[in-house]
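Subject: Structure for your files

Hello,

Here is the structure I said I would pass on. My notes follow below it.

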Amino acid sequence: PVSGILWTRRTTEKVADELASGGIEVCPNTVAKLLKELGYRLRVNAKKLNRQKDPGRDVQFAYIAAMREDFSQAGLPVVSIDAKHRE
């Protein structure tokens, strides 16, 4: 790593399994202790959330709310559908 911090994304179980395939039998707890002694840290992938709001999103919902109100006032039925687009 560029920052100088030593880390691995593999779990201690996976490291123990790889060592076992090379003929070194060690339990995951020992792997964790050894990594800590060597200055390594375990890292996991973190999900990043999009913090920016889409300006068109509120407009969509305002339009739908207005249409629902117009239909209700006209005595017409209003149907609510919750659907997700799958790609």
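Accessible areas here come from the Shrake-Rupley method with a 1.4 Å probe, and for residues only the protein chains shown count as cover. On that basis the chain exposes about 8,500 Å², of which carbon and sulfur atoms supply 54%.

This is a predicted model: local features need pLDDT of at least 70 and side-chain atom pairs count only at pLDDT 80 or more, while totals for chains, interfaces and linings use all residues. Residues are numbered from 1 along each chain as its sequence is written, and side-chain values use heavy atoms, with hydrogens and water left out.

Overall form: the radius of gyration (taken over C-alpha atoms) is 27 Å, whereas a compact globule of 87 residues would have one near 12 Å (the rule being 2.2 Å times the number of residues to the power 0.38). The C-alpha trace spans about 75 × 30 × 20 Å along its principal axes.

Secondary structure: the chain has 3 helices and 2 strands in the order β-α-α-β-α. Both are DSSP runs numbered from the N terminus (helices H or I, at least four residues; strands E, at least two).

Helix α3 covers residues 55-73 and includes Met67. From first C-alpha to last, α3 reaches 28 Å over its 19 residues, close to the expected 27 Å (1.5 Å times one less than the number of residues). Just after α3, Gly75 has a positive phi of about 80°.

Met67 is partly exposed, at 31% relative accessible area (partly exposed lies between buried, under 20%, and exposed, over 50%; 1.4 Å probe, protein chains only). Buried residues are 7% of the 87 in the chain.

Regards
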